[in-house]
Amino acid sequence: MFENLPLFPEQASEQAAQVDALFFFLVAVSAFFAILIAMMVAVFAVKFHRRRQDEVGDAIHGSIPLELFWTFIPLGITMVMFVWGAWLFFHLTRAPKGAMEVYVVGKQWMWKVEHMDGQREINELHVPVGRPVKLIMGSEDVIHSFFIPAFRVKADVIPGRYNTMWFTANAPGRYHIFCTQYCGTKHAAMIGWVTAMEPAGYQAWRSGGGATGGPVENGAKLFQDLACNTCHKEDGSGRGPVLKGLFGKEVQLSSGQTITVDEAYVRESILNPQAKVAAGFQPIMPTFQGLVSEEQVLQLIAYVKSLSGEGSAAPGTSATQAPSPAGGAQPPAPPAKKSGMN
Amino acid sequence: MDTITTAPTLNYLNSAHGLASWLLTRDHKRIALLYLVSVTAFFAIGGFFAMMIRLELVTPAADFVQPDTYNKLFTMHGVIMVFFFLIPSIPAVLGNFMLPIMVGAKDLAFPRINLLSWYIYVLGGLFTLTAAVTGGVDTGWTFYAPYSTASSNSHVIMAGVGVFITGFSSILTGLNFIVTVHRMRAPGLTWFRLPLFVWSHYATSLIMILGTPVIAITVLLVAVERGLHLGIFDPALGGDPILFQHLFWFYSHPAVYIMILPAMGVTSEIVQAFARKNIFGYAFVAFSSLAIAIIGFLVWGHHLFVSGQSTYAGLIFSILSFLVAIPSAVKVFNWTATIYKGAVSWDSPMLYAFGFVGLFTIGGLTGLFLASMGLDVHVHDTYFIIAHFHYVMVGGAIMGYLGGLHYWWPKITGRMYPEGWAKFAALTVFVGFNLTFFPQFIVGYLGMPRRYAMYAPEFQVYNVMSSAGASILAVGYVIPLIYFIWSLKYAPLAGKDPWGAKGLEWEIPSPPPTENFAVTPIVTERTHQYAPSREVGIA
């Protein structure tokens, strides 16, 4: 009968065992103290049960050594929990270099997934086992949260900014995706499946068609269609900054501050260009708010990142990027159209 | 004893008659009863929503109610239980009644303001109930933006105005308590002779005064953004949705301590009275209340670990969240030590106190799981959280409230209640509670998210357990309602001190006269001094 009463979720990522280890430590400590206190209360209540109507207890006023004892022992134990939990959090939130990037957009009420080689999925996410996967996530409307219980990872998906999470699946199978931040009527239906596949199977799935150009290629095309390239010229003769090699660098702003060019800054510069103008340039860029969808912003970001060799893709994919080291020896690229780069 | 018929003397219940004598009263005891009736009504409404939720969750599909209805059910359950039951319950009922008596005063410092705070509470309640019956709210009690400001089609502003208004009732009650404790203590009642119930209410009042304005501002900003499209939280209007979460939890995490601190105060009183023994480590128990109130203001960011909040901010919030657990642990150890070498009776209030200690311990310990950043990532927004805060709020705050109601019922009404039924109800609540909420820890760790009208089939077993437990719990709550009402007319008279407890409230008649004390009492020692003190040797 116990297969109907699972006590712990399956472990399907390298992170899962690490999270469970801390969980078991806390369960052990909690069980020890809960049982200790329950036993003491029960034993005292029985042993010192009132036998005569007029019986009274001893006048004991306290004990400083005891107070210090039960202040500092719990303090010490909780500090172990703090350090362990903080260490684990750093590990869970810092994706390793070279992780395979996947873009995820949440909207009421579905998950849209776009792989670097152009595969798109809805409420499904296919990943290979044994390889770190980093999700870069944004929302089109309200706050959502992307949760894969079997991997023990979760991050809120927030409009107006990008949150990331990463995992390394280590057991092939299909696992739940749940939205855990309440987002309206069909919140409970904003669910899906992660399919973790052996690398060979993953390659077969990846080349299974349906790819319509990766986000880098789509971004490159948008870059032309929106005429971004008329100002952001490669040779520096345009009215806007050269974007090649810019991502990840620190730039000086006209306000005198410096900022690191990350996803959020690129996004802001597209949607609200006047907010943080790079030093030496006029605030003349028009806003693209309302002209580009959340997915298109992600594609433009992917393209800008590719100009700096950033953003590790699925193996051998984009037109503008050398194959990433991790995927260099992988089978051929999917039948993606080469976009015309200028 | 049957020769005693009705209390011959005038008391606060029979000194005036008619509806107006209640609705215009300035007597803190009558106002406490007005609150008792109204919070009980809200508890019944909130409980009804809870039963609807549990009925829906018996099966994985959304078949009993539609998802939209379900979303409104859990929202109204949360809003009503948090703002209209848990926050006012112990302070406005038991605190209102007992705090002036415990400090030896005739009333609170501002009797008219006390009555005003009840009217404000009722007005806020009417707004929220109007929102409920005209279509409901579906944002969750947390009102997260931008869902609440830009997406929800429900009565957000109406419900928000209800919460906004009710907040002032809380502020005024806190203000009244603080001034009363500072200015109206009887001669000889020094700070370190105050009953621990008063200390815990003092700490609670600090939170009410300092925290409540922030939730008022926050819901007002939601209304402004929703109604006037002023960009505050919604990024589409240039706002910041994380700002909302900071503002909301700046109040709403301390609000948890508004709920639990008074229950801790009740437990301190009950443990001493029924073990016939003064508290172990008085100063540590008293100051731990203040420590919880102060540190409790600095932990709100642990609700934002997965929101993308700065990791370094997260570190600070994590370590402070662990620190706030320590004073709670100190209290639990001191209560346990108080029972040691006591003369322990197992009367129903003590059963509730035992239940409180056990359930609050579990609620507190599971809080450590959430303070731990790496572990919170997995359990955040799952049923693990639901189980944790129900252990604190239902297992802790409501057990404390019921324990206090049983302990002081003879004082409030002048009559006992059927002890056998009371023991049975206490046991029923304990069993029903654990059956309802313990399975939720497991299903939460398995990954079941909160606020799901539909769920994966593998979670069903635990949900059926929860729903079964909830029906037992409901029975456990209905039994006291019946025998308390019955006792008003039929139960034996209590006399002034039926428990053999010590404290100013047990030195005056039951029910107390309107002015509480015929002569202002002079206090020479702490309450609950049962045995001659060994050190000093005076009685």
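**View 1. A:Ile77 sits in helix α2 (residues 64–93) of chain A.** Helices are DSSP runs of H or I with at least four residues, strands are runs of E with at least two, and both are numbered from the N terminus. This is a predicted model, where local features need pLDDT of at least 70, side-chain atom pairs count only at pLDDT 80 or more, and totals for chains, interfaces and linings use all residues. Residues are numbered from 1 along each chain as its sequence is written, with chains lettered from A and ligands numbered from 1 in the order written. From A:Ile77 to A:Leu88, 11 residues along the chain, the C-alpha atoms are 17 Å apart.

**View 2. Five strands of chain A make an open, mixed sheet, in the order β4-β10-β9-β6-β7.** Strands pair if DSSP finds at least two bridges between them. At the edges are β4 (124–128) and β7 (153–157) of chain A, each pairing on one side only.

**View 3. Zooming in, β4(A) runs parallel to its partner β10 (residues 191–197) of chain A, over five bridges.** One bridge links A:Pro128 with A:Met197 of β10(A).
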